[in-house]
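The paragraphs below lead through a two-part structure, taking each part in turn before turning to where the two meet. Please keep the sequence and the coordinates in view while reading.

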Amino acid sequence: MALNGRKSDMAKFLLPILLILALPLRATEVTSTVSANPVGTEDTFQLTINVDGYDGDVEFPRSFSIPDFSIVAGPSTSESTQIINWKVSRSISEVFTLSPRKAGTFQIPSFKVQVGGKIYRTQPISVTVKKGSLLSQRPSRPRSPFDMFDDNFFNPPVVTQQPVTADSLFIRCELSKAIAYVGEAVEVSYRIYSRVNIARLGIQELPDFTGFLTEDLGQNHLIDRKRMMINGVAYNTAVIFRKIVFPTKTGRLPLPQPVFSIQVGNPNSFFPGQPIQRKSQSAILMVYPLPAPQPAGFSGAVGQFQLSVSVNQDHVKMGDSITATVVVSGEGDFNTIPLVFPESIDGFRVFRPSSPKLEREPANPLRGKKTWKVILVPQKMGTLVIPGTKIIFFNPVTKKYVTRVSGSIDVSVEKGSATPENILPGTSGNEVVAVGKDIDYIRTGAAPDRFVDISESTWYRVSMAAIPFIFILLGFFLRWRDPSRRDPVEYRRSHAAALFRNRISQAAKFLKKGKGRDYYQQVSKACISYFSDKWNRPVLDLKIDEIARELESREVPPDLIKAIVDVVEYCDFESYTPSNNALNRDIMKDAESAVSKLEKVL
Amino acid sequence: MKNWIVLLLCLSSFASASDINALYQKGAAAYAAKDYDKAIKLYGDAASELAARGEKSFDLMYNLGCASFRKGDLASARLYFEEARRIQPLNPSVKRNLAILRSRLSDKIKIPPAGAVENAYRHVYQSIPYPVLEGVLLFFWLLVFIFTGLLISGRFSRKPLYYGLGVSLIFLLMVFGLANSRAGELTRREAIVFQPEVEVFSEPSTSSSLLFRIHSGTLVGLEGEQSGFVHIILPDGMNGWARKQSFKAIR
């Protein structure tokens, strides 16, 4: 019992460990499968690359192509985790929707998938493709967004839904003609034939019309709805996509087979319909070359056209404008028809239009008309003639090149307010019109001009480099030769003002440091020293009273004497009884002003 | 003896100048007679004579361009017209002829438009002949040092000298800017494609990616050179490496 009890305890303990250890033991499996085999050329099917029991990162192949198949949708990724009997199983898959390009037996190649750093390969799949459509869509119960438990509670009544077979829903590519010439306009319509309800309809990707020039038509929604009988079976049909194409090469040109995504179901129902994809049936256009030789002036227009030229009035006054309307109507490629109107007409000034107007008939987009409006201003009086013009095109019905000619139009021009001189503003006579372009004539003369880059010459470089030093050296030489610098007394006298400014700048430093007493003493000293330098007398011998007397004797204006005396006395006073308020007076400026004026007098 | 040598030198110089003038006039006569090969030869000889003296001539380059154009050699015509445009950038005849020539080339390259200020500045320095700019630059350069020398001498009132120095410096900087921009145009590294088609690669090797192709007569900027390839840049910014022998540099 005790042993059994221990065994039971041990089992309880070991079971979770064994379970955990068992997890990574599940083998990783990488497979690829297709949803149908064989398939029809008008069908689409799913290719699924599935990884079961993986551990770590999974890297699916990226940007690959499968020969003989087009990838029309995908990849869509799905991931799932299951725990069954304590075993955890994780799987991930990528699903692509493929469409066969032609009938035959083709191979979907092996794919390389990296799982947890290890490379796995899928097996190649051989797919048989037969002409037409083989797949019958089984009714699968669409899942509602509210259907969390996958039960029937929220489901629409699928029992009433008909199975969507290849016969009950298909798309045909219809051409307005099966045989055409190069450049001839052909209408291509993709028409859906259906015996089931369609909730939504969309094109998977726009087709590539290789070998054709194309022109879009405005309405690419359900048009031309009608009920048609095929082999005694009634279908609801509608054109879902159409274009006008113009073949650019000869031979059997296949039209593209776009894939349409369709949701089958009641369009008024809340629940989404059954999604299916349908590829258009194939169609071939036989294209013949245009017969040779092509006539001169043929612009490549193929179709049946009429030409008309008219004017809005044939009696005008000089200077008034008239409008000539050129209309090319009919059926065919209007893009290749150029404006066939003379660039210049004798007696008229011609204003050519910027762009023509093309109108197509909604019921038959191959038919339409192209209109140009040309403004003409008569520049002389009398009966003026607008000459006739012509277009040349190839008629695919008669298989001949046709020339349509418009007749000439007479316009009677009377005298108006405008004269030939003032029709063109700011000119007298006709405007000069350039009729050709050519280069200007050569330059002639006795001798050619000469261009010399003087910066490359030696004298220029010497001038730039050496002459500046000569001026600097000359400056130093003049300074050295300055007689005033040799006689200290004379030097001090002539430079008294400069020496004063040096001393004042010293005072400014004291002011910055907030040394009020030193500041005033320095300003006072600078003033006294100025006179000492000027008159060559020792500073100690000079008192302000004596300076004032000396200045009086030299007939210096009294206000100037008062100014300098005031500065010195103020400084002397403040240097012994310093106060912060005194610093507010700009005594330095007063001193400089007084000395500057004295310098002119002394 | 020395006088004789000087006289001989002067005479030889005069004789050479008269040779250039004669070649120039004969070139014009050949052009008028529609003998464009002969005109190119005569104008080319005159241009070589001038080049040997370190000189260029707008008239000769322009006429060489016209003669090459008439001969149908658009690449050479472009080269000569571009060389003429370097000497006289605003000459209307060169502008017109280059516009007509460009319209006949197979490569249509869009030149990004410059701003109004840049255009105005360019017009200023292009409208002043380069030798004049160089002379004015030299004048203000010397003036600055004259004022500096006078200030150093200490013999004259300083105030007007300081003003003079300041004004001279301002003008010196202005003229230097204009002359420098003009010199940049004159020495810009550009070349003309002289082969019918030139492939341009991403690296200086034919094994690298082919970026684009350019054709005869296209103007390119030269950025660098490596192992027989030059790094070219087009006016619209496209760039790459192409074989050096496909181009002729504008001088």
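Chain B, with which this account of a predicted model begins, contains eight helices and eight strands. Of its 251 residues, 31% are buried, and among the contacts in chain B between residues at least 6 apart in sequence, 57% join residues that are at least 24 apart. The confidence of the prediction for chain B is given by a mean pLDDT of 89, with 93% of the residues of the chain reaching 70 or more. One stretch to read with caution is residues 5-15 of chain B, where pLDDT stays under 50 and where the model has zero contacts beyond four places in sequence. For the model as a whole, the scores are ipTM 0.80 and pTM 0.45.

Chain A has 602 residues, of which 24% count as buried, and its secondary structure comprises 10 helices and 32 strands. When contacts in chain A between residues at least 6 apart in sequence are considered, 71% of them join residues at least 24 apart.

A place to start within chain A is strand 3, which spans residues 45-52 and has one covered and one uncovered face. The covered face is made up of A:Phe45, A:Leu47, A:Ile49 and A:Val51, whereas A:Gln46, A:Thr48, A:Asn50 and A:Asp52 make up the uncovered one. This reading along the strand can be set beside a general point: in a regular strand the side chains alternate between the two faces of the sheet. Strand 3 of chain A is joined by six bridges to strand 1 of chain A, residues 29-34, and the two run antiparallel. Within this pairing, A:Val51 of strand 3 has A:Val30 standing opposite.

Further along chain A there is an open sheet of three strands, in the order 12-21-18, with mixed pairing. Its edges are formed by strand 12 (179-181) and strand 18 (251-254) of chain A, each of which pairs on one side only. On average, neighbouring strands of this sheet are turned by 35 degrees against each other, direction ignored. Strand 12 and strand 21 (residues 284-288) of chain A run parallel and are joined by three bridges, and A:Met286 in strand 21 is the residue that A:Ile179 stands opposite.

A second open sheet of three strands in chain A has the order 23-31-28, and here the pairing is mixed. Strand 23 (315-317) and strand 28 (382-386) of chain A each have a single partner strand and stand at the edges, so one side of each is left without a neighbour in the sheet. In this sheet, neighbouring strands are turned against each other by 35 degrees on average, with direction ignored. Strand 23 of chain A pairs in the parallel sense with strand 31 of chain A, residues 409-414, over three bridges, and A:Val316 stands opposite A:Val413 in strand 31.

Among the helices of chain A, helix 8 (residues 544-553) and helix 9 (residues 558-576) pack against each other at an angle of about 170 degrees, with their axes 10 Å apart. Because an angle over 145 degrees counts as roughly antiparallel, helix 8 of chain A is roughly antiparallel to helix 9 of chain A. Helix 8 brings A:Ile544, A:Ala548, A:Leu551 and A:Glu552 to this contact, where they meet A:Ile561, A:Val565, A:Val568 and A:Glu569 of helix 9. By class, the contact between helix 8 and helix 9 of chain A has six nonpolar, no polar and two charged residues.

Methods:
Residues are numbered from 1 along each chain as its sequence is written. Chains are lettered from A and ligands numbered from 1 in the order in which they are written. This is a predicted model: local features need pLDDT of at least 70, side-chain atom pairs count only at pLDDT 80 or more; totals for chains, interfaces and linings use all residues. Two strands pair if DSSP finds at least two bridges between them. Helices (H or I, at least four residues) and strands (E, at least two) are DSSP runs, numbered from the N terminus. Axes are lines fitted to C-alpha atoms, for helices over the stretch in contact, and angles run from 0 to 180 degrees between N-to-C directions. Angles under 35 degrees count as roughly parallel, over 145 as roughly antiparallel, 65 to 115 as roughly perpendicular and the rest as oblique. Two residues are in contact if their C-beta atoms, placed from the backbone, lie within 7 Å. Ala, Val, Leu, Ile, Met, Phe, Trp, Tyr, Cys and Pro count as nonpolar, Asp, Glu, Lys and Arg as charged, and the others, Gly among them, as polar. A residue is buried if 20 or more other C-beta atoms lie within 10 Å of its own, exposed if 12 or fewer, and partly exposed in between; C-beta atoms are placed from the backbone. pLDDT is the predictor's confidence in each residue, from 0 to 100.
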